[in-house]
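Welcome, and please open the structure in your viewer. We will walk through it stop by stop, selecting a few residues each time.

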Amino acid sequence: TASHSWAWHGRKNNGARVQPGVFRIHVVAVADERKLRGPVVVVRVRALAPRINGSSVAPSPFYPIERDGYRDTTTFRFSTNVRASDTIRVRGPGGRIVRLVRLGALKGHSHPHTWTWNGTNNGGEVLSPGTYRIKVVSVYYGQKVVSAWRNAVLKRYPKLGRPLNA
C-alpha cells in the first residue's frame, strides 16, 4: 500500500486566505472506478492576533485655536499587522472622551496610517487649551488591541502672537 500526505495552509483554491472558522476536511481516493472516502477531520482556523505598531503624535504642542496655518493640526500615526477595524479616541484633560472617530478597516502588514486632528470635539467645536490623550483601538475578528495613550498639547499663542521658538 502507498502512503500519501497532504497539507492545507488555510487558503482557498484561488490562493486567498479563508476566514477564521471551523472547517470539515475529508479525502476521497479513487481506485479502479471506486471512491473511498476517508474520515472527516475538523480543523479550526484562528485569526491572527492584531498588533499596533509605533503610535505617535506630532507636532505637540499645536495651536488650532488661532487657525492661521501654523501648526493648526497634529497627526496621530500608527500601523497594524492585520486589516483591523480601527477607532481613534481622544480624551480631554478632565478624563472623558471628547472625540471618537471610526476609521474603519485599514490595510495591515505594517502599512502606515495617519489621522490628523484639528483640535475639535465630536460637535466640531475647537477645544480649550490643555493636554489631550489620543489612542487607537483595533478590532480583528473579535480580538481587540489598544495602543498606548499619546499626549497632544493644545495651546493658544501667547498674547504677543506666535511662540518665540516659531
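## First stop: a polar contact

Select Arg37 and His26 and show their side chains: a polar contact of 3.3 Å joins them. Keep in mind as you look that this is a predicted model.

Stay with Arg37 for a moment. Arg37 sits in strand S3, which covers residues 34–37. Is Arg37 buried or exposed? Arg37 is exposed, because its relative accessible area is 56% and the cut-off for exposed is over 50%.

Apart from its neighbours within four places in sequence, Arg37 is in contact with His26, Val27 and Val28. Try the distance tool on Val27: its C-alpha lies 5.9 Å from that of Arg37, although the two residues are ten apart in sequence.

## Second stop: a hairpin

Next, select residues 28–31, which make up strand S2, together with S3. The two strands pair in the antiparallel sense, over four bridges.

Then move to the turn. The hairpin of S2 and S3 has two residues between the strands. Click on Asp32 there, which takes a positive phi near 50 degrees.

Select S5, S6 and S9. These three strands form an open sheet in the order S5-S6-S9, with antiparallel pairing. Which strands stand at the edges? They are S5 (52–58) and S9 (112–117); each has a single partner strand, so one side of each is left without a neighbour in the sheet. Neighbouring strands here are turned by 15 degrees against each other on average, direction ignored.

Zoom in on S5 and on S6, residues 74–80. Five bridges join this antiparallel pair.

Show the rings of the aromatic residues. The count of aromatic pairs comes to nine. Begin with Tyr63 and Tyr70: their ring centres are 6.0 Å apart and their planes are at 25 degrees, so the pair is stacked. Both of these tyrosines are buried.

Now go to Trp115 and Trp117. Their ring centres are 6.5 Å apart and the planes are at 20 degrees, so this pair is stacked as well. How buried are they? Trp115 has a relative accessible area of 8%, and for Trp117 the value is 0%.

Ring pairs link Phe62, Trp115, Trp117 and Tyr132 into a cluster.

Finish by selecting Ile134 and what lies around it. Beyond neighbours within four places in sequence, the contacts of Ile134 include Val57, Phe76, Ile88, Val90, Trp115, Trp117 and Ala152.

Technical notes
Residues are numbered from 1 along each chain as its sequence is written. This is a predicted model: local features need pLDDT of at least 70, side-chain atom pairs count only at pLDDT 80 or more; totals for chains, interfaces and linings use all residues. Side-chain values use heavy atoms; hydrogens and water are left out. Two strands pair if DSSP finds at least two bridges between them. Axes are lines fitted to C-alpha atoms, for helices over the stretch in contact, and angles run from 0 to 180 degrees between N-to-C directions. Buried means under 20% relative accessible area, exposed over 50%, partly exposed in between (1.4 Å probe, protein chains only). Contact means heavy atoms within 4.5 Å. A polar contact is a pair of N or O atoms within 3.5 Å; within protein, one must be able to donate a hydrogen and the other to accept it, and residues adjacent in sequence count only if both atoms are side-chain atoms. Rings of Phe, Tyr and Trp (its six-membered ring) pair if their centres lie within 6.5 Å; planes under 30 degrees apart count as stacked, over 60 as edge-to-face and the rest as tilted.
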